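This briefing sets out selected features of the chain shown below. The points are grouped by topic.

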Amino acid sequence: MPSYSNGNLSMVYLQDFVLEGFEGGLETQALLFAVFLALYMVTVLGNLLMIIVITLDARLHSPMYFFLKNLSFLDLCYSSVIAPNALANFFSSSKVITFTGCATQLFFFSLLVTTEGFLLGVMAYDRFMAICSPLRYPITMCQSACTRLVLGAYCGGCLNSVVQTSFTFHLPFCSSNRINHFFCDVPPLLQIACGNTAINELLLFGICGLIIVAVTIVILISYGYITVTILRMRSGAGRRKIFSTCGSHMTAPGAIESMEQGKVVSVFYTLVIPMLNPLIYSLRNKDVKEALRRLGQKHTESNHWASRQG
């Protein structure tokens, strides 16, 4: 095991961490397990349903639903990075996660959550082009352009994730291996590092702060122009249609997390938001509800035909 030298003090790198999770006895742990399991199951089912419906219904093969499908994919993935391990730890006596496992979890969580933040900005830009420049929209938001925007979001997320993960796990962890959290995140890891974390904190707040500000500006400017365009419309029916189209985007909460959050807020960002996003889109969006109805009818007709053949 490699050692870290600091003057006369010789310190040893840790190979394993312990995720302390939530305090409480067996009953509290059982209750939290049930809550986590319920949230995760709804998240998986809701986002899978959105992906399947958008993929199978040709009427939803448009830029807006292409981005929504990617949003559901990101929600599904980043909740799956956190929830299964958290569920297993509720009744685990050791709650150990390896050094490699912790680094892997941090990398993918940071990648997915940052990518989702960029994607929310892309979705706002898409609605801006659709409403404020409808004649240019089919050319500006063609399939190749949409693909490039999504790939750009992933590249931005990957870059941030590589920086945060590499700088965090180059630190020596020697004073304690107990992480006061239910998953591996940068702030609780910095708390148990025994090296100088000034650069890490600067990168954490600098890069993440820049991303949050940039995405927020894009969203505010996009919906600012959209609001002005809607107010200029003479048709009340047109206004209602556009508000209905944009309602899910403006209602959906952002996915970039605050660096000062506690465990309860972390649950909100890692499980509640991924669960709410497909519910918001499916309940508020007429096109998705009609697609679900058509999919249900096809399934019923298929079963009826199969029973007759049998």
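**Briefing on the predicted model**

Lys95 is buried, because its relative accessible area is 16%, which falls under the 20% cut-off. This residue belongs to the loop between α2 and β4 (96-98), and its phi is positive, at about 55°, although Lys95 is not a glycine. The model is predicted, and the values below are computed from it.

**Overall architecture**

- The secondary structure of the protein chain consists of ten helices and five strands.
- The protein chain has 310 residues, of which 45% count as buried.
- Taking contacts in the protein chain between residues at least 6 apart in sequence, 77% join residues at least 24 apart.

**The second largest cavity**

- Two cavities of 30 Å³ or more are counted, and the second largest cavity has a volume of about 70 Å³.
- Lys95 is one of the residues lining the second largest cavity, and the lining also includes Leu19, Glu20, Gly21, Phe22 and Gln29.
- Ala86, Asn89, Phe90 and Phe182 are also among the lining residues of this cavity.
- Helix α2 (residues 63-90) contributes the most to this lining, with three residues.
- Classified by residue type, the lining of the second largest cavity comprises five nonpolar, three polar and two charged residues.

**Nonpolar cores**

- The largest nonpolar core has 52 residues, and within it Phe36, Phe67, Leu119 and Phe182 touch the most other members.
- Two or more residues of this core come from each of α1 (26-56), α2, α3 (99-132), α5 (143-168), α7 (198-232), α9 (263-284) and α10 (286-309).
- Helix α2 supplies the largest share of this core, 13 residues.
- Leaving aside residues up to four places away in sequence, Phe36 touches Phe22, Ala86, Leu87, Phe90, Phe182, Val267 and Leu271.
- Among these partners of Phe36, Phe22, Ala86, Phe90 and Phe182 also belong to the lining of the second largest cavity.
- Another core, of 18 residues, lies apart from the largest one, and its members include Leu19, Phe173, Ile192 and Cys208.
- Leu19 of that other core is also found in the lining of the second largest cavity.

**Annotated transmembrane regions**

- The UniProt record, an unreviewed entry, places the feature "transmembrane region" at residues 30-54, 66-86, 106-125 and 202-226.

**Exposed residues and distances across the sequence**

- Leu31 is located in helix α1 and counts as exposed, because its relative accessibility of 57% is over the 50% cut-off.
- Leu31 and Phe90 are 59 residues apart along the chain, and their C-alpha atoms are separated by 9.8 Å.
- Arg59 sits in the loop between α1 and α2; Arg59 is exposed, because its relative accessible area is 64%, over the cut-off of 50%.
- Between the C-alpha atoms of Arg59 and Asp287 the separation is 8.4 Å, although these residues are 228 residues apart along the chain.

Notes. Residues are numbered from 1 along each chain as its sequence is written. This is a predicted model: local features need pLDDT of at least 70, side-chain atom pairs count only at pLDDT 80 or more; totals for chains, interfaces and linings use all residues. Side-chain values use heavy atoms; hydrogens and water are left out. On a 1 Å grid over the protein atoms alone, a cavity is a set of points where a 1.4 Å probe fits but cannot get out, and a pocket is an open set with protein on both sides within 12 Å along at least five of seven lines; lining residues have an atom within 4 Å of a point. Grid points are joined across faces, edges and corners, and a volume is the space filled by probe spheres set on the points. Helices (H or I, at least four residues) and strands (E, at least two) are DSSP runs, numbered from the N terminus. Ala, Val, Leu, Ile, Met, Phe, Trp, Tyr, Cys and Pro count as nonpolar, Asp, Glu, Lys and Arg as charged, and the others, Gly among them, as polar. A nonpolar core is a set of buried Ala, Val, Leu, Ile, Met, Phe, Trp, Tyr and Cys residues joined through side-chain atoms within 4.5 Å. Buried means under 20% relative accessible area, exposed over 50%, partly exposed in between (1.4 Å probe, protein chains only). Contact means heavy atoms within 4.5 Å. UniProt positions are given in the numbering used here, feature names are shortened, and annotations may be inferred rather than shown by experiment.
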